[in-house]
Amino acid sequence: MSLTRTLSFSSPIQICRIMRPDDANIVGNVHGGTILKMIEEAGGIISTRHCNTQSGDRCVAALARVERTDFLHPMLIGEVAHVSAELTYTSRHSVEVQVNVMAENILTGSKKVTNKATLWYVPFSLQNVDKITEVPQIEYASPEQEEEGKKRYEAQKMERLETKERNGEAIIPVISPEEYTVGFSQSSLIHLVGPSDCTLHGFVHGGVTMKLMDEVAGIVAARHCKTNIVTASVDAINFHRKIKKGCVVTVSGRMTFTSNKSMEIEVFVDADPLVETAKGKYRAVSAFFTYISLDKDGKPLPVPTLKLETQEEKKRFEEGKVRYLQTKAKRQAEQERQQ
C-alpha cells in the first residue's frame, strides 16, 4: 500500500469554545496558556488523524516543538475562540501543523486573529510507546512548497539540538532577595501528573505542559511589575523528553531580560518519576515567554528595569537583549513588506 496521501485525506479542522471566567485573569484577558492548550489540542487531533490513515500500528502524535508564537490581540471572556489547524509538511517521522486562532464577539459578530502557530508532532505506536511510526506523506501544490517545508524542518531540527545544550541549568532559590532582582520574582510550581493530563499513551499532553509554563511565567512577570500582565509571545518551545503519568513536575521560571515595555522569562520543566525512581529527575521542556505590563485601560506600561547581581545574570540579560533586537528587526521587516 502506498504511503502517499493528498491534503484532502487530512482536511483542515476547527474547534470552537466560548471563553469563561476561569480561562482568564482578574481583568478578563484570557490566559496565554489557555490559548496554547487549545492550539495543541487542534494540532494533536489533525496530526494523529493523519498518521492513522495508513495500515499498520495505531499511533498517537506527540508534540515535539512549538515555533515562536505571537499573541497579536487579547482574547476576552465571552468571546468564542475558533482554532483551525492544517497539515503543511511531513517528513518520514514528523508532521508540521499550522494553527490559526480567531476570537469572535458573538454580540457584534466582529472577528480578529489572535494567534498563528506552527507545531511539530512525532507519532508513537500504541503497542510500543518507544517506537516512532512512519508518517504518511502528503502531496504538495508545487516542488517549491515542499522545499520550503523541508527547510523549516531542517531549521527546527538544528535549533532543538542547540537548546539541549542548555538543559543542565537550574534555578536556585534566593533568601531575602532585593526587589526587582532575578531572585525576587523567580517562581516555581509543582504538579502531580494525573490521568486527565495525559494522552492514550499515559504521557502528558503538550498543551497541559504549556499551560503550566504560562502560569509560572505570568507569576514571575506579575511579581516583577505588580500590575496586570499578558502574554505577548512565546519563543520556540522544545519538548525534549516525554513526561509520564505519575511523575511530579516542577515548573520554574526566572526573569532574564527587560526592555522598556516587555519582559522575557525563561521557563524550565523538570520531571521526577515517583515510581521508576531509578530514572531520576530530568529536564523535559524549556522555553522563553515574553510578557507586557498593562494599565487599567489595557495600555502598555513601562517595565521596571531588572537589577543584575551576578555575571551569569548579566550574560543571560545580554542573550535576551540579542533575541529581543532580532525579533524587533524581523517584525519591522515584516511590516515594511506588508506596506
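This is a predicted model: local features need pLDDT of at least 70, side-chain atom pairs count only at pLDDT 80 or more; totals for chains, interfaces and linings use all residues.
Residues are numbered from 1 along each chain as its sequence is written, and side-chain values use heavy atoms, with hydrogens and water left out.

**Stop 1**

Now colour strand β4, residues 80-90. Strands here are DSSP runs of E with at least two residues, helices are runs of H or I with at least four, and both are numbered from the N terminus. Is β4 mostly covered or mostly open? Mostly covered: nine of its 11 residues are buried (buried means under 20% relative accessible area, exposed over 50%, and partly exposed in between, using a 1.4 Å probe and protein chains only).

Two strands count as paired if DSSP finds at least two bridges between them. Next, bring in β5: β4 and β5 pair in the antiparallel sense over 10 bridges. Click on Thr-90 and you'll find Val-95 of β5 standing opposite. Follow the chain between these two strands and you'll trace a hairpin, which joins β4 to β5 through four residues.

**Stop 2: along to β6**

Select β6, residues 111-125, where 11 of the 15 residues are buried. How many bridges pair β5 (residues 95-104) with β6? There are 10, in the antiparallel sense. For a pair to look at, pick Val-99, which stands opposite Ala-117 in β6. β5 and β6 also form a hairpin, with six residues between them. Stop at Gly-109 in that turn, as Gly-109 has a positive phi of about 85°.

Strand β2 (residues 59-66) pairs with β6 in the antiparallel sense over seven bridges; select Leu-63 and look opposite for Tyr-121 of β6. Strand β3 (residues 69-71) also runs antiparallel to β6, joined by two bridges. There, Phe-71 has Asn-115 of β6 as its bridge partner.

**Stop 3: two helices**

Show helix α1 (residues 32-51) and helix α4 (residues 206-225): their axes come within 8 Å and cross at roughly 170°. Axes are lines fitted to C-alpha atoms, for helices over the stretch in contact, and angles run from 0 to 180 degrees between N-to-C directions. So α1 is roughly antiparallel to α4 (that label goes to angles over 145 degrees; under 35 is roughly parallel, 65 to 115 roughly perpendicular and the rest oblique).

To see where they meet, select Gly-32, Leu-36 and Glu-40, which are among the α1 residues in the contact, then Gly-206, Met-210 and Asp-214, among those from α4. Contact means heavy atoms within 4.5 Å.

**Stop 4: two loop residues**

Go to Asn-29, in the loop between β1 and α1. Asn-29 is buried, with a relative accessible area of 11%. Leaving aside neighbours within four places in sequence, its contacts include Pro-74, Leu-76 and Asn-228.

Finish at Ala-236, in the loop between β8 (228-234) and β9 (237-239). Not counting residues up to four places away in sequence, Ala-236 touches Arg-65, Val-66, Glu-67, Arg-68, Ser-286 and Ala-287. Draw a distance from Ala-236 to Asp-270, 34 residues apart along the chain: their C-alpha atoms are separated by 17 Å.
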